[in-house]
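Work through these exercises with the structure in view. Try each task before reading its solution.

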Amino acid sequence: MPTFAATATHDPAVTGLFVVALIVVTFGYAVACWLWPFTACRRCHGTGKRRALFGGPAFGLCRRCDGTGRRLRPGRRVINYLRTTRGRDTNR
Ligand SMILES: [Zn+2]
């Protein structure tokens, strides 16, 4: 049984399990962002319309999502950012 030099009091097996779980969750989120890059706009709830004040009929387009009702997920933004910085010459 090897002795660990780490001064941490918790079990290394638990730490390893936590790291694996973190990787799985991060990977799962990355895959979800890759498959479904958009999420419903929180401002207009995916309708793309701007809600009129005082309960009148909707007019105008939601300014936050430009009337699409979709918003790019933060995770997808990270993927896009990594893509533009890393694969600059493979994108063409
Ligand atoms: Zn919107």
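**Exercise 1.** How many helices and strands are there in the protein, and in what order do the elements run?

*Solution.* Start with the ground rules. This is a predicted model: local features need pLDDT of at least 70, side-chain atom pairs count only at pLDDT 80 or more, and totals for chains, interfaces and linings use all residues. Residues are numbered from 1 along each chain as its sequence is written. Helices (H or I, at least four residues) and strands (E, at least two) are DSSP runs, numbered from the N terminus. The protein has two helices and two strands. From the N terminus on, the order is α-β-β-α.

**Exercise 2.** Compare the span of helix H1 with the expected span.

*Solution.* H1 covers residues 12–35, which is 24 residues. The expected span is 1.5 Å times one less than the number of residues. For H1 that gives 34 Å. From first C-alpha to last, H1 reaches 34 Å, close to the expected value.

**Exercise 3.** Is Phe59 buried or exposed, and why?

*Solution.* First, locate Phe59: it lies in the loop between strand S1 (38–40) and strand S2 (70–72). Next, apply the cut-offs. A residue is buried if 20 or more other C-beta atoms lie within 10 Å of its own, exposed if 12 or fewer, and partly exposed in between; C-beta atoms are placed from the backbone. Phe59 is exposed because 9 other C-beta atoms lie within 10 Å.

**Exercise 4.** What share of the protein's residues count as buried?

*Solution.* Of the 92 residues, 5% count as buried. In H1, the count of buried residues is one among 24.
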